[in-house]
Amino acid sequence: MENLLRSKPKLVVLTGAGISAESGLSTFRGTGGMWEGNKIEDVATPEAWRRNPIRVLEFYNQRRAQLPLVNANEAHILLKKLEAFYDVHIITQNVDDLHERSQSSNILHLHGELVKVRSELNDYIILDWGYKPLNWGDKGPDGAQLRPHVVWFGEAVPAMFKAESISSQADILVVIGTSLQVYPAANLIYTAPSHAEIWYIDPQPATITGLKKLHVLPQKATTGMKELYQILTSKCNPDER
Ligand code: NAD
């Protein structure tokens, strides 16, 4: 009876572009600050949208068109499997849909989603768009041009408040495949409680200071997640409550 009432420990996961690298989606820090050969300021800022919206639409159309050609990898899948042992909450900086496709239950997108678009005038008008291209002249129900539902550099991150609230309740924080160069997302690692163990999987991990319970696994996401899955599940039975 006591077992039935005890809740699972809360495992919060912060993912970045690196978790999707082995699925075939490129990161951008790894390629010298360019995202698929494009400068960030040409394709992922509000100024770029005002200057040349067709180029911005084309860039995100290419990113969206890649999605049905790739699959979730073992790292995404093991995060889903951890739900048998932990109350898993994923906070992702990624705009891809690979956590959804590996069927994780709790996913918060900090920087938006490629498969959604929104009105450029009314940001509460958000539409499911799927994998099809978004074109200049595609309008929302308010008659305004639709734009990618992504947070561009220089824009506010509306999901940050919720992300901080989730992270502040973590018993364990797992950070995977992020250079921790993009703010405010990078600050999330400091919002976990001091008792929380922090695991960081990245083949080229950023230098992190000031966290006592930090363990770094300098590995690719799939290798690191296999090792961490063993560590995190060795102590508990599935669906132990
Ligand atoms: P980043 O490109 O700045 O850093 C990627 C990190 O992944 C690096 O630290 C690198 O060492 C690591 N990495 C590379 N290969 C890896 C692997 N196989 N396994 C694990 N880690 C690996 O990415 P970021 O910190 O997420 O910030 C980039 C921003 O660009 C994000 O906000 C995101 O929205 C956007 N972005 C998203 C995608 C995507 O949705 N898949 C792809 C590129 C960029």
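Select Tyr-190, which is partly exposed at a relative accessible area of 43%; on this scale, buried means under 20% relative accessible area, exposed means over 50%, and partly exposed lies in between, with a 1.4 Å probe and protein chains only. The model in view is predicted: local features need pLDDT of at least 70, side-chain atom pairs count only at pLDDT 80 or more, and totals for chains, interfaces and linings use all residues. Residues are numbered from 1 along each chain as its sequence is written, and side-chain values use heavy atoms, with hydrogens and water left out.

Tyr-190 lies in the loop between β9 and β10. Helices (H or I, at least four residues) and strands (E, at least two) are DSSP runs, numbered from the N terminus. Display Ile-208, Thr-209 and Leu-211 as well: Tyr-190 touches these residues, when residues up to four places away in sequence are not counted. Contact here means heavy atoms within 4.5 Å.

The peptide bond leading from Tyr-183 to Pro-184 is cis, with omega near 10°. Next, select Leu-180, also found in the loop between β9 and β10. Its phi is near 55°, a positive value in a residue other than glycine. Most residues other than glycine have a negative phi, and most peptide bonds are trans. Is Leu-180 buried or exposed? At 9% relative accessibility, Leu-180 counts as buried.

Proceed to Gln-103, in the loop between α6 (98–101) and β5 (107–109). Gln-103 is not a glycine, yet has a positive phi of about 65°. Gln-103 is exposed, with a relative accessible area of 55%.

Now select strands β7, β6 and β8. In that order, these 3 strands form an open sheet with antiparallel pairing; two strands pair if DSSP finds at least two bridges between them. β7 (126–128) and β8 (146–150) stand at the edges with a single partner strand each, so one side of each has no neighbour in the sheet. From one strand to the next, the twist averages 45°. Strand β6 (residues 112–119) pairs with β8 over 5 bridges in the antiparallel sense. To view one of these pairs, select Val-117 and its bridge partner in β8, Pro-148.

Turn next to two helices, α5 (residues 74–81) and α8 (residues 221–233), which pack at an angle of about 25° with their axes 8 Å apart. Axes are lines fitted to C-alpha atoms, for helices over the stretch in contact, and angles run from 0 to 180 degrees between N-to-C directions. α5 is therefore roughly parallel to α8, a term for angles under 35 degrees. Which residues of α5 and α8 make the contact? Glu-74, Ala-75, Leu-78, Leu-79 and Lys-81 of α5 meet Ala-221, Thr-222, Met-225, Lys-226 and Tyr-229 of α8.

Finally, select Asn-73, placed in the loop between α4 (53–66) and α5. At 7% relative accessibility, Asn-73 counts as buried. With neighbours within four places in sequence left aside, Asn-73 is in contact with Ile-19, Ser-20, Glu-22, Ser-23 and Thr-222.

How values were computed
Angles under 35 degrees count as roughly parallel, over 145 as roughly antiparallel, 65 to 115 as roughly perpendicular and the rest as oblique.
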